[in-house]
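Reader: I would like to go through the labels given to this model, one at a time. Please set each value against its cut-off.

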Amino acid sequence: MSALLFRSTNCQSPSVNLREAFLAGQAPDRGLYLPEIFPQLTREEIAGFAELPYREVAFRVLRKFTQDLIPDAALAAMCNKAYDFGVPLEVIQRGVYLMRLDQGPTASFKDFAAQMMAQMFGRFLQEDGSQVTILTATSGDTGSAVAHAFHRVPGVRVIVLFPEAEISVSQRKLMTTLKDNIRTVAITGKFDDCQAMVKRAFSDPALEHIHLSSANSINIGRLLPQSVYYFYAASRLARPGEPMVFSIPSGNFGDMMGCVVARSMGLPVRKIIASVNDNDAFPRFLASGVYEKISPSRNSVSNAMNVGHPSNLARLVAVYGGHMDETGKIHRQPDLAAMRRDIFSTSITDERTRTSLRDFWNKYQILLEPHGVVAWQGFLDWCAAEPLGSTPAVIVETANPAKFPEEVEKVVGWAPDVPAAMTAGLQLPEDYDRMEADYEKFRDYLIAKHAKA
Ligand SMILES: *Cc1c(COP(=O)(O)O)cnc(C)c1O
């Protein structure tokens, strides 16, 4: 059996295997990689996950993509190392559950992909002894997850760009207190500026001598691990073959694409609810078929979702038979009717986010944070349009409330406890560079950093 191939959403670059897609990050034609065909899991395989710990579920899902590239024993060991934390599923009310993806080392769901990517990069680089620089733009949580996961991984240097004024202090400290192979740069601009600078660096001939890669959700290596927890939840909460509803707070739509990947692999899903903050380019597109990115992106309390032009929409459009290029231009419309059947999307204002956080606490005595509560409110919006009935539903909580103590305290009146894993890092001295959102300066910076090495 030959290895699974990945095609570019822009259709101009040749298909490659997982290793190549992974190390490249983005396709040479600036498209994003997607599996040519999605490997399938049977109803029995999925039902069997109910008895297995998370790391074992991850192994069984991911091996469908790594066959012929990574021996099973090695992949199993990688999953053991990556996933030494739990995935709590709490009951909110009958048939409605909260999936907490905040138990990793940096307390956001970004740990799920970052931990696995670090294992994969470590392995692929070791195989050929090469070096790579991972450039990452972060709206808050990716940077810390990636920095922690890749800290001291041989052969890897990490440079993280973050919008100086748009992330919380704890989000910042979780990455600026690491040293060694991790460098962080505060950009006096927005997340979209950071993302645009990173994207330009990838296609800049002046940087050809540096092997750059990406740990952003443009990398297919980000998406595949993010499909696993949907299988995990379904195996535990639904009867075999029973479709579910997942409500996912969305910014760059990587988490949501993880669910689309899971469905494409055979997971029965009745509806995906993709809730966004004021950055409502996707719900508008879904309603009208007209895509207009939001530029500059809008600030909101769910800062990790301040994304004006979600890069994963190119993948979503491709899954539905269309073609959107990296600038957001649509060359061929996707099957919008099918998309609307499968996906519901709504935009939640900051005011509703805050009210909903307070109401949720008062009603259920469960504390959410500004991202997860966008998913909850989006779920309520959907229920108002289409009765849930007996379908099991999962609300995805993407971070720990302690990452956003200022916001949470403003709303409920007290600050959440900080998990032990987080407190240690928060005490260490910070060290980071500052830069304007100026690509030429960034290019010089990269060249200088690599000359010294
Ligand atoms: C990144 C992030 C999101 C958005 O995830 P996407 O994959 O970019 O849609 C939501 N919540 C939190 C806490 C995040 O860090």
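**Ligand surroundings and helix packing**

Author: Start at the ligand. Among the 15 residues around it, K110, D141, G251, N252 and T398 come nearest. This is a predicted model: local features need pLDDT of at least 70, side-chain atom pairs count only at pLDDT 80 or more, and totals for chains, interfaces and linings use all residues. Residues are numbered from 1 along each chain as its sequence is written, and side-chain values use heavy atoms, with hydrogens and water left out.

Reader: What makes a residue count as near a molecule or strand?

Author: One of its heavy atoms must lie within 4 Å of it.

Reader: Which distances apply to D255 and T398?

Author: A polar backbone atom of D255 is 2.9 Å from a ligand oxygen. For T398, a polar side-chain atom lies 2.7 Å from a ligand nitrogen.

Reader: Why are helix 3 and helix 4 called oblique to each other?

Author: Helices (H or I, at least four residues) and strands (E, at least two) are DSSP runs, numbered from the N terminus. Axes are lines fitted to C-alpha atoms, for helices over the stretch in contact, and angles run from 0 to 180 degrees between N-to-C directions. The axes of helix 3 (residues 54-66) and helix 4 (residues 72-82) cross at roughly 135 degrees and come within 9 Å. Under 35 degrees is roughly parallel, over 145 roughly antiparallel, 65 to 115 roughly perpendicular, the rest oblique. Helix 3 and helix 4 are therefore oblique.

Reader: Which residues of helix 3 and helix 4 meet?

Author: R55, A58, F59, L62, R63 and T66 of helix 3 meet D72, L75, A76, C79 and N80 of helix 4. Contact means heavy atoms within 4.5 Å. By class, this contact has 6 nonpolar, 2 polar and 3 charged residues. Ala, Val, Leu, Ile, Met, Phe, Trp, Tyr, Cys and Pro count as nonpolar, Asp, Glu, Lys and Arg as charged, and the others, Gly among them, as polar.

Reader: Why are helix 3 and helix 10 oblique to each other?

Author: The axes of helix 3 and helix 10 (residues 225-237) cross at roughly 120 degrees and come within 9 Å. These helices are therefore oblique to each other. Y54, V57, A58, V61 and L62 of helix 3 touch P225, S227, V228, Y229, F231 and Y232 of helix 10. By class, that gives 10 nonpolar, 1 polar and no charged residues.

Reader: What makes C11 and the bond from S295 to P296 worth a remark?

Author: Most residues other than glycine have a negative phi, and most peptide bonds are trans. C11 is not a glycine, yet its phi is positive, about 65 degrees. C11 lies in the loop between strand 1 (5-8) and strand 2 (16-17). The peptide bond from S295 to P296 is cis, with omega near -5 degrees. P296 sits in the loop between helix 12 (281-288) and helix 13 (313-319).

Notes
A polar contact is a pair of N or O atoms within 3.5 Å; within protein, one must be able to donate a hydrogen and the other to accept it, and residues adjacent in sequence count only if both atoms are side-chain atoms.
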